[in-house]
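These are my notebook entries on one protein model. I kept each entry to a single look-up.

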Amino acid sequence: MDAPRFSPSPMPPASTRLPEIGHALGMIVLYFALQVAIGMLVVLLLGMAIGLAHHHAAISDVHAAMADADVKSSLVMIVLLADAAATLWLARRFWPPLWSRAQPPGFGFTVPTAAWCAVAVVVGLAMPWVGGKLTELIAHGHAVPQDVKQLGGDTSLGFGIALTLVVASAGPLVEELLFRGVLLSALLRRLRTAWAVLVSAVLFALVHLPDLHWLWYALPNLALLGVALAWLRLRSGSLWPAVIAHGCNNLLAMAALFASLHQPG
């Protein structure tokens, strides 16, 4: 794999805290742990609200509410948005000087050119098709189930659109900060560019395995997406093209999913 050509930013002052690999992995673990913790808190608050509304609500009432697809979608959106806000705040607090630096060790929150935004859209729309063909080839026709499919079948149109927008915005923003921002910057301090890109892409794929029911043949698709996103981040000098491409990828995948689940017959 050819190393992407980019000009690293001058090293920040010695007093500036730089992300280490351990810091990056800790932030990634924290991000997914917060999803679980916030999810439990939201369900607890929902149960308390139902109890106050019905005075003597039983556990079965909470289960009945949770069985509603629109309620599930709402809870997922709340969890994703709250987790994204907390993670962004922590990263901003830990590494404020690196936030707006174009190249590693900076995180790339700089304004990209229109040309790179256009390239990002093309990459984001192409990757679901390319990755899907790769997965079909490896999986020999086996489907790759995703947890969101459990919501899609019965979710109303409005909630489906809202969920799609959250999945295509909040998720990509935070994951790009973590994987192509913090983690890639930390890896580039220890590894050559090609290896840093590959390691970050593989880790990006691995953390998504639980959502894919641990099906290993989904890994190459996700790793390929991770490589493409790292290429965008390094070549453009900005994190935003990777966020745009990731968002377009998620948007197209979610749209295709809801379309397939709501086909007549």
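**Notebook: helices, rings and charges**

I began with Pro105, which lies in the loop between helix H3 (69-94) and helix H4 (114-139). A cis peptide bond joins Pro104 to Pro105, with omega at about 10°.

Entry on the model. I worked on a predicted model, in which local features need pLDDT of at least 70, side-chain atom pairs count only at pLDDT 80 or more, and totals for chains, interfaces and linings use all residues. Residues are numbered from 1 along each chain as its sequence is written, and side-chain values use heavy atoms, with hydrogens and water left out.

Entry on the fold. I found 10 helices and 0 strands in the protein. The helices and strands are DSSP runs numbered from the N terminus (H or I of at least four residues for helices, E of at least two for strands). Read from the N terminus, the elements run α-α-α-α-α-α-α-α-α-α.

Entry on burial. Of the 265 residues of the protein, 44% count as buried. Leu90 is found in helix H3 and is buried, because its relative accessible area is 17%. The C-alpha atoms of Leu90 and Met27 are separated by 8.7 Å, although the two are 63 residues apart along the chain.

Entry on aromatic rings. How many aromatic pairs does a search of the whole structure find? The search returned 8. Rings of Phe, Tyr and Trp (its six-membered ring) pair if their centres lie within 6.5 Å; planes under 30 degrees apart count as stacked, over 60 as edge-to-face and the rest as tilted. The pair of Trp95 and Phe107 is edge-to-face, because the ring centres are 5.7 Å apart and the planes stand at 85°. Both Trp95 and Phe107 lie in the loop between H3 and H4, 12 residues apart. Trp95 is buried at a relative accessible area of 2%, and Phe107 is buried at 0%.

I then looked up Trp99 and Phe109, whose rings have centres 4.5 Å apart and planes at 10°, so this pair is stacked. Trp99 and Phe109 also lie in the loop between H3 and H4, so the pair ties together parts that are 10 residues apart in sequence. Trp99 counts as buried at 14% relative accessibility, and Phe109 is buried at 13%. I also noted one aromatic cluster, formed by Phe94, Trp95 and Phe107.

Entry on salt bridges. The structure holds 3 salt bridges, each defined as a side-chain nitrogen of Lys or Arg within 4 Å of a carboxyl oxygen of Asp or Glu. Arg189 and Glu20 meet in one of them at 3.2 Å, N to O. Arg189 is in the loop between H7 and H8, and Glu20 is in the segment before helix H1 (21-54), 169 residues apart. Arg189 is partly exposed at 35%, and Glu20 counts as partly exposed at 27%. Arg190 also meets Glu20 in a salt bridge, at 2.9 Å, N to O. Arg190 lies in the loop between H7 and H8 and Glu20 in the segment before H1, so this pair ties together parts that are 170 residues apart in sequence. Arg190 is exposed, with a relative accessible area of 55%.

Glu176 forms a salt bridge with Arg180, the closest N and O atoms being 2.6 Å apart. Glu176 and Arg180 both lie in helix H7, 4 residues apart, about one turn of the helix. Both Glu176 and Arg180 are buried. Salt bridges that share partners join Glu20, Arg189 and Arg190 into one network.

Entry on a charge over a ring. The charged end of Arg180 sits over the ring of Phe204, 4.4 Å from its centre. For this I required NZ of Lys or CZ of Arg within 6 Å of the ring centre and within 35 degrees of the ring normal.

Entry on cysteines. How many disulfides does a search of the whole structure find? I recorded 0, a disulfide being a pair of cysteine sulfur atoms within 2.5 Å. Cys117 counts as partly exposed at 23% relative accessibility, whereas Cys248 is buried at 15%.

Methods. Buried < 20%, exposed > 50% of the residue type's maximum accessible area, 1.4 Å probe, protein only.
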